[in-house]
Amino acid sequence: MVPENLKVTVQKVAINGVMAGCPPKAMPVLLALFEAFNQRDYNSVVRPTNSFSFMTIINGPIRKELNMNAGTYALGPGNRANASIGRALRLFIRNLGGGRPGVNMMAVIGNISTYPFCLPENEAQSPWQPLSQDLGYKPTESVLSLFSGG
């Protein structure tokens with residue numbers, strides 16, 4: 001895992017999920033998040049001086065199983081699943097990838113959204129088809145999408 005290309009085990013993913021405050025039933029999401037992050041080389045996003053961030057979107061039944069907040073204040077404090085899954089990715093980068101601010105992560109000013117930026121899509125109230133279905137998944141499938149930006 002970047003930035004230092006360290007080897008990661010399922011056990012290490014679980015330990016960091018617990019440290020982030022994730023409930024045990026979030027483990028499939030944590031593994032999907034780890035896999036999504038490692039499907040591409042994010043060194044160019046993690047290492048430069050811009051204030052990078054990752055946004056995680058959750059679709060499908062898992063969002064209800066975890067009681068994720070897709071409505072008002074979805075990115076605010078108070079929802080354990082939203083916040084802890086967002087925190088888990090930050091811990092993955094730091095603890096599993098060896099990311100160190102000021103050493104190999106050089107964001108000049110930082111970015112508040114690097115911490116808890118995870119939310120489920122509000123599929124019930126949206127006038128559009130869910131992102132997961134736009135990507136070819138069925139409504140019965142749980143899907144995680146990861147976006148990056150600075």
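Helices (H or I, at least four residues) and strands (E, at least two) are DSSP runs here, numbered from the N terminus. Ser145 sits in one of these runs, strand 3, residues 143-149.

Before I go on, the sources. This is a predicted model, in which local features need pLDDT of at least 70, side-chain atom pairs count only at pLDDT 80 or more, and totals for chains, interfaces and linings use all residues. Residues are numbered from 1 along each chain as its sequence is written, and side-chain values use heavy atoms, with hydrogens and water left out.

Is Ser145 buried or exposed? Ser145 counts as buried because its relative accessibility is 8%; buried means under 20% relative accessible area, exposed over 50%, and partly exposed in between, with a 1.4 Å probe and protein chains only. Not counting residues up to four places away in sequence, Ser145 touches Met55, Thr56, Ile57, Leu131 and Leu135. Contact means heavy atoms within 4.5 Å.

Next, the core. A nonpolar core is a set of buried Ala, Val, Leu, Ile, Met, Phe, Trp, Tyr and Cys residues joined through side-chain atoms within 4.5 Å. The largest one has 34 residues, and Phe37, Val46, Phe54 and Phe92 have the most contacts inside it. Elements that each supply at least two residues of this core include helix 2 (27-37), strand 1 (53-59) and strand 3.

Phe92, leaving aside neighbours within four places in sequence, is in contact with Met1, Val13, Asn16, Gly17, Leu30, Leu33, Phe34 and Gly97. Of those, Leu30, Leu33 and Phe34 are among the buried residues of helix 2. The buried residues of helix 2 pack against helix 1, helix 3, strand 1, helix 4 (62-65), helix 5 and strand 3.

Now a helix pair. The axes of helix 1 (residues 10-20) and helix 5 (residues 80-96) come within 8 Å and cross at roughly 130 degrees. Axes are lines fitted to C-alpha atoms, for helices over the stretch in contact, and angles run from 0 to 180 degrees between N-to-C directions. Helix 1 is therefore oblique to helix 5; angles under 35 degrees count as roughly parallel, over 145 as roughly antiparallel, 65 to 115 as roughly perpendicular and the rest as oblique. Residues making the contact include Val13 and Asn16 of helix 1 and Leu91 and Phe92 of helix 5.

Last, some backbone details. The peptide bond from Val2 to Pro3 is cis, with omega near 15 degrees. Asn67, in the loop between helix 4 and helix 5, has a positive phi of about 55 degrees although it is not a glycine.
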